[in-house]
Amino acid sequence: MDLRGLGLLYNAAVRFIDESVEKGFGDKIAICYRDELIHYNELQEKVNQTGNMLRELGYKLEDRLLMVCHDTPEFIYSFFGAIKIGAVPIPVNTMMKPSDYEYFLNNSRAKGLIIHEDIWEKIEVYKERFCFLKDIIIIPDSESEQSGTHLNFLQLMNRASKKLDAAMTNKDDQAFWLFSSGSTGNPKGVIHLQHDMEYAFSTYAKKILHISEEDRCLSASKLFFAYGLGGGMYFPLGAGASTVLVKERATPEAMFQAIETYKPTIFFGVPTLYGAMIDYVSRTGKQFDLSSLRVCVSAGEALPKAFYRKWKEMYNVDILDGIGSTEALHIFLSNRIGDVKAGSSGKVVPGYEAKIVDEMGRELPPNEMGDLLIRGDSIAHGYWNLHEQNKKKFVGEWLHTGDKYYKDEEGYFWYCGRSDDMLKVGGIWVSPVEVENCLLQHENVLEAAVVSVQNENNLVIPKAYVVLKDRTPSKEMEDELKNFVKQQLAHYKYPRIIEFIDELPKTATGKIQRFKLRELLKSNSAQ
Ligand code: 3UK
């Protein structure tokens with residue numbers, strides 16, 4: 001009996017992998033990775049083998065697995081293999097510090113960890129602190145390698161059967177979690193359901209990108225980000241298209257090279273990367289052939305108008321700026337091919353609704369700035385174990401994005417900033433509190449406050465105001481503090497600018513008034 005036919009059962013791995021094979025894409029390329037080309041038939045087999053490996057290890061419906069994986073085919077095998085047996089994969093950022101993984105593991109209570117070998121080597125010393133962890137499954141550089149006392153992903157997977165029946169999940173079962181950063185510094189587990197990827201696919205990917213089996217996608221944003229998960233994985237797989245995976249950091253050079261080698265038709269980047277790519281070309285004078293691209297996407301933070309124009313002039317292709325979030329899963333406001341208002345986030349994506357409200361929740365007329373709320377069926381089930389925050393963030397059918405926006409008379413949305421203190425640096429969240437707490441651990445630092453400043457392209461960089469204990473400010477101290485943060489936290493979080501001051505503005509209760517520092521910045525830049 002085909003249980004899928006009953007209409008009750010739904011499994012995202014069946015939808016994104018098995019159905020692609022059933023639709024006749026079996027001999028088409030699903031994944032390009034280095035010099036490997038993986039066809040849909042083989043992808044299906046590997047996903048089944050991974051699912052069987054996990055089943056044999058005892059994984060069942062609702063069991064969680066943390067994934068700390070680079071962008072390699074094993075990411076995709078693990079993600080869909082777990083989902084197919086009803087287990088819940090939780091891909092997380094590969095650039096974090098050991099204590100962050102301790103938090104992810106203990107907060108999620110994952111029983112299993114699938115991790116690339118080089119990252120495991122960095123966190124192995126902390127393993128006694130992982131309270132709920134049972135299995136450590138290591139992805140080695142090659143199959144023959146020993147993985148010590150731990151499980152070897154490649155050996156176990158290749159031994160497992162290539163046939164696998166999906167678990168009896170339905171559309172509202174948990175499928176996967178992602179972690180999203182909060183202003184208090186603690187990441188929140190965002191629970192996504194089996195139907196969420198299909199919703200984002202059939203709205204944004206189909207109606208805005210018009211993705212088809214002819215396409216080939218390249219995402220600079222890594223797969224563990226909600227943005228990269230769509231662009232680099234379930235958008236192309238859902239359409240019978242191909243994805244290009246790049247394990248290395250998305251530098252301008254690496255991206256130009258990947259575009260020339262694999263000739264993608266859709267490229268997903270963040271504003272800082274577009275800026276760096278434009279800059280790279282003007283600095284080196286090198287020419288690249290980007291003629292395979294039919295559309296580029298930008299998200300993560302607002303795309304400066306100048307980048308849109310310059311890119312169009314250089315490569316004659318549109319960059320579609322769109323806003324998405326981990327909670328919404330993907331992009332819900334976007335510019336369209338042939339309909340771009342540079343500097344805006346575009347219009348509402350079909351399948352979503354948006355409204356801008358005042359503090360009382362009243363909808364505002366055009367051109368008035370307020371809080372952006374959205375509605376649509378890819379919005380997460382909620383945060384894991386955060387009852388109070390859930391009540392504020394997910395209100396009825398509406399998601400409070402935490403962003404300030406206004407809508408113009410033509411229906412285009414214009415980003416005006418965050419309602420909290422969080423910073424988006426290079427498209428990735430940075431919590432000012434976390435960076436401040438780190439600076440405070442330095443023996444010479446008395447007080448610290450981190451705010452965002454804009455660089456010459458209006459992109460956000462973190463700036464720290466620091467009060468030193470009794471040392472006089474110096475360039476050496478500035479460099480020392482920057483290096484100190486780089487060592488303690490993920491690299492991208494360090495303050496690019498440090499200013500030493502005598503005292504920080506505070507409330508009567510001693511809370512740092514970051515808004516006063518921001519005002520100070522504004523008045524300084526106006527002078
Ligand atoms: C900000 C933007 C202005 C905004 C994401 C595409 O960025 C993504 O998810 P995150 O959870 O962050 C969400 C927040 O980032 N933001 C994102 N895009 C834009 N601000 N213009 C933009 N184009 O504050 C939003 O609330 O990391 C992006 C797809 C999936 C995603 N998860």
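Predicted model: local features only at pLDDT ≥ 70, side-chain atom pairs only at ≥ 80, totals over all residues.
Residues are numbered from 1 along each chain as its sequence is written, and side-chain values use heavy atoms, with hydrogens and water left out.

Let's start with helix α1 (residues 12–25) and helix α3 (residues 73–84), which pack at an angle of about 125° with their axes 8 Å apart. Helices here are DSSP runs (H or I, at least four residues), numbered from the N terminus. An axis is a line fitted to C-alpha atoms over the stretch in contact, and angles run from 0 to 180 degrees between N-to-C directions. α1 and α3 are therefore oblique to each other: angles under 35 degrees count as roughly parallel, over 145 as roughly antiparallel, 65 to 115 as roughly perpendicular and the rest as oblique. α1 passes α3 in a left-handed crossing, meaning that the near helix is turned anticlockwise from the far one by less than a right angle (clockwise would be right-handed). On the α1 side, A12, A13, F16, I17 and D18 meet F80, I83 and K84 of α3, where contact means heavy atoms within 4.5 Å. Sorted by class, that contact of α1 with α3 has six nonpolar, no polar and two charged residues. Ala, Val, Leu, Ile, Met, Phe, Trp, Tyr, Cys and Pro count as nonpolar, Asp, Glu, Lys and Arg as charged, and the others, Gly among them, as polar.

Now jump along to helix α10 (residues 271–284) and helix α11 (residues 305–315), whose axes are 10 Å apart at an angle of about 50°. That makes α10 and α11 oblique to each other, and α10 passes α11 in a left-handed crossing. Among the residues making the contact are Y274 and I278 of α10 and W311 of α11.

What about α13 and α14? Helix α13 (residues 432–440) and helix α14 (residues 475–488) have axes that come within 10 Å and cross at roughly 115°, so α13 and α14 are roughly perpendicular to each other. Their crossing is right-handed. V435, C438 and L439 of α13 make the contact with L481, F484, V485 and Q488 of α14.

Finally, the ligand. Which of the 22 residues around the ligand come nearest? They are D321, G322, T326, D403 and K424, with a residue counted as near if one of its heavy atoms lies within 4 Å. An N or O atom in the side chain of D321 is 2.7 Å from a nitrogen atom of the ligand. For G300, a backbone N or O atom lies 3.0 Å from a nitrogen atom of the ligand.

Terms used:
Helix = DSSP H or I, 4+ residues; strand = E, 2+ residues; numbered from the N terminus. Polar contact = N/O pair within 3.5 Å; in protein donor to acceptor, adjacent residues only side chain to side chain.
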